[in-house]
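Welcome, and take a moment to turn the model around before reading on. The notes below walk through a few of its features.

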Amino acid sequence: MRFLHTADWHTGKTLRGRSRLDEQEQVLAEILDIARRERVDCLLVAGDLFDSYAPGPDAERLVYDFFAELVRAWIFAVVIGGNHDHPRRLGALSRLLDPLRIIVRGEWPGARGSGVVHIDKDGERAVIAALPWVAERQIVDIAQLRQTESGGSGVYGEGIGAICDGLTAEFSRETVNVFMGHMHVAGALVSGSERASHVALPYAVPAERLPASAHYIALGHLHRPQEVKAGAPCAYAGSPLQLDFGEREQVKRVVLVDAAAPAGPAHVESIPLSSGRRLRDLTLALEEMDSIAAGAGDDWLRVVVRTAAPVPGIAAELRRSLPNALDVRQEFPTQPVAERPPLSSFLEPAQLFAAYYQERHGTAPPPELLQRFGELYEEVSHSPHSA
Ligand SMILES: [Mn+2]
């Protein structure tokens with residue numbers, strides 16, 4: 001059976017307020033093309049379909065268009081909820097999508113439910129143990145029910161390990177066995193664009209607790225595409241677009257997985273994705289602004305402008321020639337801060353302002369600025385309301 005593994009679409013996510021729906025649409029079309037071209041039997045989406053609990057209608061339309069095309073292409077899918085997805089919203093969606101063989105598991109059903117998905121296609125049978133994101137409190141509750149130590153480090157990882165054991169009980173020699181999870185495996189590399197509290201240590205699951213009996217382990221949650229050392233072939237597909245500047249060097253991909261029963265570990269291959277704009281850092285001198293802008297293409301940029309001294313209004317000016325400059329920062333040589341003059345009311349307001357400016361920017365204020373300050377101060381202190 002042939003699978004295509006992807007994760008962390010974060011559909012609807014913006015970057016510094018800029019919409020990326022067009023890029024998200026392009027990359028979903030690219031994934032669909034690969035799935036059709038490679039004659040994939042089943043797509044695995046390992047969580048974070050959407051960026052928020054309440055995605056906008058345009059984000060929803062992209063995702064539902066994608067699944068409608070999968071149905072037309074007779075490609076099955078298993079989708080699990082991530083920490084960014086509303087678990088019950090996906091649960092509601094599963095009522096509609098499950099009969100179309102797009103199997104959605106929005107939330108872990110608890111100790112009594114089952115997260116196992118069975119796929120039968122062309123005489124082959126797959127057992128897919130699907131584990132959506134599990135919040136820490138759900139695990140700690142279970143630990144308390146079992147009257148074991150709770151709240152301490154390792155409780156979460158142990159809890160997830162116990163759930164894995166239960167989920168994989170149906171793995172057999174006659175079936176293709178796949179484990180899917182949205183989780184942070186200890187030792188894997190984060191990108192800085194994941195939700196910070198959900199990649200923190202209490203959430204780390206030891207790789208040795210992942211099921212070694214699987215043909216393949218498909219992970220989501222971390223945005224950097226990476227293989228994970230575990231008892232079976234195991235990987236984070238990574239996000240399909242560079243979602244934030246922490247991911248700017250990453251080549252995005254999907255993972256093509258061939259597995260057969262009872263033959264050993266799956267054959268795994270990376271297919272790079274080329275859709276979407278690159279995220280890039282750019283450092284330039286003030287006078288280079290125009291020449292560099294001409295060759296910047298449509299990359300999203302984080303720009304550092306080197307100047308001799310602070311230049312007010314430079315970000316707005318830069319964005320006129322580089323509209324994709326999302327962050328603009330100035331860098332200028334700072335003079336060592338001299339002994340700070342005692343800031344007291346005995347100083348004239350203009351001196352106070354000059355001292356503040358010197359401390360803030362590492363250089364004395366330009367004379368024109370001081371003059372404007374003086375005029376403004378005069379104006380304010382002689383206004384009728386100041387009396
Ligand atoms: Mn996530």
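## A metal site and a sheet

D48 is buried, because its relative accessible area is 1% and the cut-off for buried is under 20%. This is a predicted model, so please read each value as computed from it. N83 also counts as buried, at 3% relative accessibility.

What coordinates the manganese ion? The donors are D48 through OD, N83 through OD1, H182 through NE2 and H221 through ND1, at 2.1 to 2.5 Å. Along the chain, these donors follow the spacing D-x34-N-x98-H-x38-H. D48 sits in the loop between strand 2 (42-45) and helix 2 (57-72), while N83 sits in the loop between strand 3 (76-80) and helix 3 (87-97), so the pair ties together parts that are 35 residues apart in sequence.

| Residue | Relative accessible area | State |
|---|---|---|
| D48 | 1% | buried |
| N83 | 3% | buried |

In what order do its 6 strands run? The order is 5-6-7-10-12-11, in an open sheet with mixed pairing. Strand 5 (116-121) and strand 11 (226-227) are the edge strands, and each pairs on one side only. Helix 5 (residues 155-167) packs on this sheet and touches strand 5, strand 6 (124-131) and strand 7. The direction of helix 5 makes about 160° with that of strand 6.

Within the sheet, strand 7 (residues 176-182) pairs with strand 10 (residues 216-220) in the parallel sense, over 5 bridges. To find this pairing on screen, look for V178, which stands opposite Y216 in strand 10.

Methods: Residues are numbered from 1 along each chain as its sequence is written. This is a predicted model: local features need pLDDT of at least 70, side-chain atom pairs count only at pLDDT 80 or more; totals for chains, interfaces and linings use all residues. Side-chain values use heavy atoms; hydrogens and water are left out. Two strands pair if DSSP finds at least two bridges between them. Helices (H or I, at least four residues) and strands (E, at least two) are DSSP runs, numbered from the N terminus. Contact means heavy atoms within 4.5 Å. Axes are lines fitted to C-alpha atoms, for helices over the stretch in contact, and angles run from 0 to 180 degrees between N-to-C directions. Donors are N, O and S atoms within 2.8 Å of the metal (3.2 Å for Na, K and Ca); water is not among the atoms, so sites may look incomplete. Buried means under 20% relative accessible area, exposed over 50%, partly exposed in between (1.4 Å probe, protein chains only).
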